[in-house]
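Visitor: I have a new model open and would like to talk it through. Could you walk me through a strand, a residue and a pocket?

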Amino acid sequence: MKYKLILASASPRRKELLTQIGAEFEIIPAKGEEILTSTKPEQAVLELSRQKAEEVAGTLSREAGNIVVLGADTVVALDGNILGKPKDKEDAARMLGMLNGREHSVFTGVTMIARGLDSEQIISFYQETKVFMYPMTNRQIQAYTDTGEPMDKAGSYGIQGKGAVYIEKIAGDYNNVVGLPVAAIYQKLEKTGIEIL
């Protein structure tokens, strides 16, 4: 059965990924404060994605018809520690220095609240992709932070942008690193009979 998809995020990258697969969707970004109770990356992304989905779903009436509210959150983790978005250029350079020449993980948590007139189900999962970075010189790190690209990115880099030249290889879903594992989302909804395309 066809459901209307609502993305609880203002992320231009998530919007691009959903557009790329041909999904029709509306954007209603979650605006609430993010409250973390876990420092484990996989738990943190599940918590945050659920908060976003629940906040937006709570604003929609039952009469909205068949809807799926999609909340997502992505973090970069190094040695089990979460690296969020940088506070400033120095913070971005610090994070890139930590990731320099090493392997790290990108976790995206997804929560989908699928609601019909008299039913509701919650599908929640996370995906992990391992990312291997080439060594970077201090000059390269400085030049990259000067582009401004790292400033709104978890872990201070964008795999789909200028940061791509420092990515040696990945193990897992590329789209997950960009911010939304669209294939896994589609497959999980399809299994429950929910169509979004």
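This is a predicted model: local features need pLDDT of at least 70, side-chain atom pairs count only at pLDDT 80 or more; totals for chains, interfaces and linings use all residues.

Visitor: Which strands does β3 pair with, and in what sense?

Guide: With strand β1, residues 4–7, the pairing is parallel and runs over 4 bridges, and there L7 stands opposite L70 of β3. With β5 the pairing is antiparallel over 11 bridges, where L70 stands opposite M112. Strand β4, residues 81–83, also pairs with β3 in the antiparallel sense, over 3 bridges, and I82 in β4 is the bridge partner of A77.

Visitor: What about the hairpin of β3 and β4, how many residues sit between the strands?

Guide: That hairpin has 2 residues between the strands, and D79 takes a positive phi near 55 degrees in it.

Visitor: Changing topic: what volume does the largest pocket have, and what lines it?

Guide: The largest pocket has a volume of about 660 Å³. Its lining is made up of 32 residues, with R14, T74, K85, D152 and A154 lying nearest the centre. The elements that give two or more residues to this lining are α1 (12–20), α2 (41–57), β3 and α5 (174–178).

Visitor: Which element gives the largest share, and how do the lining residues divide by type?

Guide: The largest share of the lining, 4 residues, comes from β3, and the lining as a whole divides into 17 nonpolar, 7 polar and 8 charged residues.

Visitor: Last one, T108. Where does it lie, and is it buried or exposed?

Guide: T108 lies in strand β5, residues 103–115, and T108 counts as buried because its relative accessibility is 0%.

Visitor: What does its side chain reach, and which residues does T108 touch?

Guide: The side chain of T108 reaches the backbone oxygen of N176 at 3.0 Å. Leaving out residues up to four places away in sequence, T108 touches V45, A72, D73, T74, F125, Y126, Q127, N176, G179 and P181.

Conventions: Residues are numbered from 1 along each chain as its sequence is written. Side-chain values use heavy atoms; hydrogens and water are left out. Buried means under 20% relative accessible area, exposed over 50%, partly exposed in between (1.4 Å probe, protein chains only). A polar contact is a pair of N or O atoms within 3.5 Å; within protein, one must be able to donate a hydrogen and the other to accept it, and residues adjacent in sequence count only if both atoms are side-chain atoms. Contact means heavy atoms within 4.5 Å. Two strands pair if DSSP finds at least two bridges between them. On a 1 Å grid over the protein atoms alone, a cavity is a set of points where a 1.4 Å probe fits but cannot get out, and a pocket is an open set with protein on both sides within 12 Å along at least five of seven lines; lining residues have an atom within 4 Å of a point. Grid points are joined across faces, edges and corners, and a volume is the space filled by probe spheres set on the points. Ala, Val, Leu, Ile, Met, Phe, Trp, Tyr, Cys and Pro count as nonpolar, Asp, Glu, Lys and Arg as charged, and the others, Gly among them, as polar.
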